[in-house]
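Please look over the model below before reading the report.

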Amino acid sequence: MATATAPLATQLEELSSDEILRYSRHLILPEVALEGQQRLKASRVLLIGAGGLGSPLALYLTAAGVGTIGLVDFDVVDVTNLQRQIVHGSKDVGRPKLESARDRLKDMNPHVHVEGYETRLTSENALEIIRDYDIVIDGTDNFATRYLTNDACVILGKPNVYGSIYRFEGQSSVFATEDGPCYRCLYPEPPPPGLVPSCAEGGVLGVLPGLVGTIQATEGIKLLLGIGEPLIGRLLLIDALSMQFRTMRLRKNPNCPACGTHEIRELIDYDQFCGIGGDPLQDPHGIPEITPAELAAKQQRRDDFDLIDVREPHEWAIAKIPGARLVPLGTFTESLATFDSARDIVVTCKMGGRSAKAVRQLQAAGFKKVWNLAGGILRWSDDVDPSVPKY
Amino acid sequence: MAVTLFLPTVLAKLADGRAIESTGETVGAVVANVAARYPNLAPRLRDETGQPYPFVTFYLNDEDIRFNGGFEAPVSDGDELTVVPAIAGG
């Protein structure tokens, strides 16, 4: 187990009497004390993402008195975020997440300075943004940004407090410290696009980012103060269903191109690295599409065709398009024999991603007259029938 | 050797549950045994040639098998093999 490292926050900043009162429960902890609180005030923490993980992270780090919190996010608050993104409120729906989070954080602790970067983190801006911070906390929601964050942190020598979640499970670790492993030591390459569904497709327990984000916040504060045993060289696995926490040993890979051999001296094209847009087979634009309005017209004309919905039964129970037949993607291969290749087939799902896969499977099986419903049932609700609930 | 393979919830539905009993002399043999019994799970555990993916980490007890010979790593009776696929949600 890694032992405490030197505090990352090397400066001390004076506290006002208001702040001394506010942080009294920290000040009476010998491991934090006045000096530790002064370190926190002088420290700068960058949060990548102000969503599920970013919400508890930002709230607790702000409450704890981290002097400067940087937030990178370009998204807008959506009502489906509110089940877990607790830094935002109902009144914030439609607002940029940065504005919404800034208001909430300022209300929570006016002594904290919030710096916003309303942009996607890219290979062009990552080094510039990260350079001025003591540590980075990765709360993003996609592989490309995770590898980008990792490589930028390794290049700049900034610790990267990692957390990721899916459904009921989470992972956390501390990467890119001087002698510790990095994200590429754990996962040298990302899965191909589409293999691992996003939270929007697969769902996530609303409390889970709270569990994982608060672990990341704890690790961040420990690193800043130089106390305890950080999660360096350990991968924490969190399973909310069985409520089990397991710690696996994580070793630094001497052949790691980022932290081992240092082959990666500059940032690369992470979309390409993650296979986004590179493989025509994975490109949804190469698939025949039909819009919801065209599908509605087809139904009105009473055209002869089959509408296949490849979502899961629990999604089907929430909303469906009239006339559709449920064939979940997991059983699609076995059901191919039940489809009639002589008829037109339109395939749908929630957003159009899974149905695109099903269309590819049909094409590979020799079906010629197949179309993907663009935007899935969500766009059907927007464009054709608002009485179909969105989820 | 009798080994228990532990799956994350997301893969458990492709098998009978989260803990699967298997046998073999190496990690690769244990995984191949499970893959043969659960064809839908097989492509999530290893590639078409039977090799591990760079985005699915296997822990033999608490150690990453990559540092102990990968799928060639020998196993002992009662070992636990845990599958930890990459996830990216946040």
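## Terms and model

A residue is buried if 20 or more other C-beta atoms lie within 10 Å of its own, exposed if 12 or fewer do, and partly exposed in between, with C-beta atoms placed from the backbone. By this count, 34% of the 90 residues of chain B are buried.

The model is predicted: local features need a pLDDT of at least 70 and side-chain atom pairs count only at pLDDT 80 or more, while totals for chains, interfaces and linings use all residues. Residues are numbered from 1 along each chain as its sequence is written, and chains are lettered from A and ligands numbered from 1 in the order in which they are written. The average pLDDT (the predictor's confidence in each residue, from 0 to 100) of chain B is 95, and 100% of its residues score at least 70. For the complex, the predictor gives an ipTM of 0.95 and a pTM of 0.86.

## Fold of chain B

Chain B has three helices and five strands. Here helices (H or I, at least four residues) and strands (E, at least two) are DSSP runs, numbered from the N terminus. Along the sequence their pattern is β-α-β-α-α-β-β-β. The radius of gyration of chain B is 12 Å, close to the 12 Å from the globule rule for 90 residues, so chain B is as compact as a globular protein of that length. This radius is taken over C-alpha atoms, and the rule is 2.2 Å times the number of residues to the power 0.38.

## Helix 2 of chain B

Which residues of helix 2 of chain B are buried? In this helix (residues 27–37), they are Val27(B), Gly28(B), Val30(B), Val31(B) and Val34(B). Seen down the helix axis, these buried residues fall within an arc of 160°, so they line one face of the helix. The arc is that of the directions from the helix axis to the C-beta atoms. Among the elements that cover them are strand 1 (2–6), strand 2 (19–23) and helix 3 (42–45) of chain B.

## Where the chains meet

Two residues are in contact if their C-beta atoms, placed from the backbone, lie within 7 Å. In this sense, 18 residues of chain B are in contact with 33 residues of chain A. On the chain B side, helix 1 (9–12), strand 3 (56–60), strand 4 (63–64) and strand 5 (80–85) each give two or more residues.
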